[in-house]
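Let's take a friendly walk through one protein model. Keep the 3D view open and look for each residue as it comes up.

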Amino acid sequence: MSGQSITDRITAAQHSVTGSAVSKTVCKATTHEIMGPKKKHLDYLIHCTNEMNVNIPQLADSLFERTTSTSWVVVFKSLIATHHLMVYGNERFVQYLASRNTLFNLSNFLDKSGLQGYDMSTFIRRYSRYLNEKAVSYRQVAFDFTKVKRGVDGVMRTMNTEKLLKTIPIIQSQMDALLDFNVNANELTNGVINAGFMLLFKDSIRLFAAYNEGIINLLEKYFDMKKTQCKEGLDIYKKFLTRMTRISEFLKVAEQVGIDRGDIPDLSQAPSSLLEALEQHLASLEGKKVKDSTAASRASTLSNAVSSLASTGMSFTKVDEREKQAALEEEQARLKALKEQRLKELSKRPSFATTDTSPVSTTGGTISTAPAIDLFSTPSCSNGALKMESDLFDIQQTFNPAVQASSTGLPVATAWAGYSTASQVPPPGALQVDFESVFGAKATGVNNIDSDDILKPTMIGSNQALCSINQLSDKLVGDDLDSSLANLVGNLGIGNGTTKK
């Protein structure tokens, strides 16, 4: 099986329709392709864990949903993506996983589609158990052992006796779950299981470093403990020796699959005389007969053991720091490549000439500072220089009869002047209207308007017209509607030229 399946494409398309970018990315990171999740998809999911507006439960549920698949590839890649976010994502992702009662219920998972499915199903069950244990450990101690501060003033070195005796067994349980993955070099045959093994390898280094520092703190306090505490401490140290052997075997597998020797820490065994000294001290507290040992010899044995374990811790810390430095350099190289790509894209774009006065101008002109014209203001009548071109007042010469003054002596109020009583001979081509043929007889309506007294347009100056409008507007103010209408009729000079009041 290679490439994305039809199911992968349909699922991604469904999430595209619903607008869920997180679910779509989870789907793309957990396709049926037999390879580890792509880095670009994992980086996007890490970015999502750092965004406060991203729903962490929804992200986790999307990963859990993918583990319900019957394909070992999809399930394994879902576990890898979850593990990757637990290691490199925001801590609130791990906090949410720790708050859940159950994470992965894959203890009975089995892919029967082929021989490879049978083989990989075994490692899926082991891997899911480790991730469950990792979340439980966080729930119990409220921090991640692989991310705690290390060194002389680290968390495990400064912990008091009571808390230390409760914390170290939690580390041991998580370490047991990790080492139970129990893979051989010849079983790392595809990109999926290889990606999971690399995450486990990095966790093993950090987890054992914290484990080692807890044991150093335990040994420094051992000879000052009570009898019950010494008994617990001795049992913890014996288990530590067993796990040191197992972690050594795990690291050998890492070396066999091509991990650089410089990235694999050196393990220094504590002297066997230390275990004997611890057992004798406990026996003496229980009242048993033991061979005499001076305080100086015990101190020397303890010092040698602590020095040996400290060198182991330093080796693990150097490897971890080297990995962090490599990751930092890789990120810087990636950012540099993105920056160069961006500069190339900008250089290929056409440049647009702009000016200081206008950021969007494509010419060298400047912005005019002339005041804007107020379309709703009334021009002043005293401005004789006001000229208006191409407006309604520029009438053709065809409509240029004599200007008639009203009986009131006021200037003509509109561009269509008053009503002239003199006979006018229309020029050739002018519009002629026979009102007698329309109304059947001479109009005998209000004020006895003759057919010759038809309203005729006349040319007047634009300044005169605007002033007349303003003056007329002032006169159209009356006590009521009737007086206003009467003033209007009088001002227009309708009829016999006398003002009607």
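Arg129, Asp180 and Arg246 are joined in a network of salt bridges. A salt bridge here is a side-chain nitrogen of Lys or Arg within 4 Å of a carboxyl oxygen of Asp or Glu. Across the whole structure, the search finds 14 salt bridges.

Before going on, note that this is a predicted model: local features need pLDDT of at least 70, side-chain atom pairs count only at pLDDT 80 or more, and totals for chains, interfaces and linings use all residues. Residues are numbered from 1 along each chain as its sequence is written, and side-chain values use heavy atoms, leaving out hydrogens and water.

| Salt bridge | N to O distance |
|---|---|
| Asp203 and Lys134 | 3.2 Å |
| Asp153 and Lys149 | 3.0 Å |
| Lys238 and Glu279 | 3.6 Å |

Where do Asp203 and Lys134 lie? Asp203 is in helix 9 (residues 191–222) and Lys134 is in helix 7 (residues 115–141), so the pair links distant parts of the chain, 69 residues apart. Helices in this report are DSSP runs (H or I, at least four residues), numbered from the N terminus.

Are Asp203 and Lys134 buried or exposed? Both Asp203 and Lys134 are buried. Buried means under 20% relative accessible area, exposed means over 50%, and partly exposed is in between (1.4 Å probe, protein chains only).

Lys238 counts as partly exposed because its relative accessibility is 37%, and Glu279 counts as partly exposed because its value is 33%. Asp153 is partly exposed too, with a relative accessible area of 49%.

Now for the surface. Leu110, Leu115 and Tyr118 form a nonpolar patch there, with about 320 Å² of accessible area together. Patches are made of residues with over 30% relative accessible area and no salt bridge; like charges are joined within 9 Å, and nonpolar side chains (Val, Leu, Ile, Met, Phe, Trp, Tyr) within 5 Å. Accessible areas come from the Shrake-Rupley method with a 1.4 Å probe, and for residues only the protein chains shown count as cover. Leu115 belongs to helix 7, and Leu115 counts as exposed because its relative accessibility is 67%.

Notes: Helix = DSSP H or I, 4+ residues; strand = E, 2+ residues; numbered from the N terminus.
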